[in-house]
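Have the structure open as you read.

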Amino acid sequence: MMVADSESCDAPGVQGYLPCKSLGTLRSKEDRGVKIPRQLGRGPSSFIPVEEAAARHQCSYLVGFHMGEFLQVGGDPEWLRGLQYAPQKLRNLNEINKILAHRPWLITKEHIEALLKTGDNSWSLAELIQALVLLTHYHSLASFVFGCGINLEIDQEGGHVFRPPSPRSCDSSPASEDGVNSSSGSDAMEEVEVLMERMKLLQECQLEEEAVTQEEMETRFEMEKRESLLVTPSDIAEHSLPPNVMCFVEDPEFGYKDFTRRGEQTPPTFRAQDYTWEDHGYSLINRLYPDVGQLLDEKFQVVYNLTYNTIAMHSGVDTSMLRRAIWNYVHCVFGIRYDDYDYREVNQLLERSLKIYIKTVACYPEKATKRMYTHFWRHFKHSEKVHINLLLLEARMQAALLYALRAITRYMT
């Protein structure tokens, strides 16, 4: 189905994906009429939001990696002792960081105002946009790290829960590596055929089905949203935070809660058509943080459209319907609805084990396990599963950014 280069399966290659050594490329010009402070983007200050973001998901791999980077660019080692040793201006990001990481729908214009009007420690809009991009990227990158099994784990000697295979063996499937018996192998192959048949039927139905009312489309979304409450893993990885991570976390008990919860008032659904990335978020970022809107848009589009037109052992397959279902399901668990999307496709195309994996990696990636990785799409290649993680990374980042940028727009108006 999916990935651009099999070498991306090799764990060390992920370091090339991290933007820490090329932060300068995110800021190449002065905004028209807005002076962008350079100290956040070019000096050690930029690493503290990164550490805060990675620590929210207990991602010791990213925290440790960026500690080394922080010192290489001349950062004060004292800052690495914990948030209380960092400048107050950076510490003020803690509240919006934890909300963005776990429940972005709670962000309001008051959170934005609190950061922009704090006297000597206030943020400019341009600085805040840059900080939000860093925070959301590293929350999502933590999802990618855990989803691919790169992060260090304390329950296994040697650190990694599992490591993507070397490039030479990237065409194998997790099922074949686990040595499944012939019966299980046949079941895995049958799952592929069922998925192919469902995609074919949905494509035929789209051509034949009469227009569906907006009320029916909304009902289908609400059904999917309620069903996501039941999509919870039976086995989760539990961690005790190491000191070098714990020191960057305040309020560690604050975590993800389902957007829709039984017996509680549900926040209003975010209708994507009311505040879109293309029409609103993109232009706001580009205005306050020049060129970055374009870079982010290209990043979203490349991953969303990435395909080899293959699914497991099938080639010449149009995978757009499947990629769209994965992207929209990530947005669904974050409370975002597309009026023109039929959410029946999600239930038809995404099996329960895949939904569990997607929700876990997108919402609480630190709880992901090897079992979750191996139990969905058992006959698919590792490269296809890495592509799933790329889709999760970008869909999650875009969802969180939309909530944050909408709050900024409301503050500005």
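## Where helix 2 meets helix 5

Helix 2 passes helix 5 in a right-handed crossing. You can find helix 2 at residues 47–56 and helix 5 at residues 94–102, with axes that come within 10 Å and cross at roughly 40°. The two helices are therefore oblique to each other. Keep in mind as you look around that this is a predicted model.

Which residues make the contact? Helix 2 contributes Glu52, Ala53 and Arg56, while Asn94, Asn97, Lys98, Ala101 and His102 come from helix 5. Sorted by class, this contact of helix 2 with helix 5 has two nonpolar, three polar and three charged residues.

## Helix 5 again, now with helix 7

Helix 5 also has a crossing with helix 7, which spans residues 125–147. Their axes come within 10 Å and cross at roughly 40°, and that makes helix 5 oblique to helix 7. The crossing is right-handed.

On the helix 5 side, the contact is made by Ile96, Asn97, Leu100 and Ala101. Helix 7 answers with Leu132, Leu135, Thr136 and His139. Asn97 and Ala101 of helix 5 take part here and in the contact with helix 2.

## Helix 13 and helix 18

Helix 13 brings Leu296, Lys299, Phe300, Val303 and Tyr304 to the contact. From helix 18 come His387, Leu390, Leu391, Leu393, Glu394, Met397, Gln398 and Leu401. The residues of this contact divide into nine nonpolar, two polar and two charged.

## The second largest pocket

Now for some open space: the second largest pocket holds about 350 Å³. It is lined by 17 residues, and the closest to its centre are Glu278, Tyr304, Trp327, Asn328 and Tyr338. Tyr304 is also part of the contact between helix 13 and helix 18.

Which helices each supply at least two residues of the lining? They are helix 12 (277–288), helix 13 (292–305), helix 14 (320–333) and helix 18 (382–412). By class, the lining of the second largest pocket has nine nonpolar, five polar and three charged residues.

How values were computed: Residues are numbered from 1 along each chain as its sequence is written. This is a predicted model: local features need pLDDT of at least 70, side-chain atom pairs count only at pLDDT 80 or more; totals for chains, interfaces and linings use all residues. Side-chain values use heavy atoms; hydrogens and water are left out. Axes are lines fitted to C-alpha atoms, for helices over the stretch in contact, and angles run from 0 to 180 degrees between N-to-C directions. Helices (H or I, at least four residues) and strands (E, at least two) are DSSP runs, numbered from the N terminus. Angles under 35 degrees count as roughly parallel, over 145 as roughly antiparallel, 65 to 115 as roughly perpendicular and the rest as oblique. A crossing is left-handed if the near helix is turned anticlockwise from the far one by less than a right angle, and right-handed if clockwise. Contact means heavy atoms within 4.5 Å. Ala, Val, Leu, Ile, Met, Phe, Trp, Tyr, Cys and Pro count as nonpolar, Asp, Glu, Lys and Arg as charged, and the others, Gly among them, as polar. On a 1 Å grid over the protein atoms alone, a cavity is a set of points where a 1.4 Å probe fits but cannot get out, and a pocket is an open set with protein on both sides within 12 Å along at least five of seven lines; lining residues have an atom within 4 Å of a point. Grid points are joined across faces, edges and corners, and a volume is the space filled by probe spheres set on the points.
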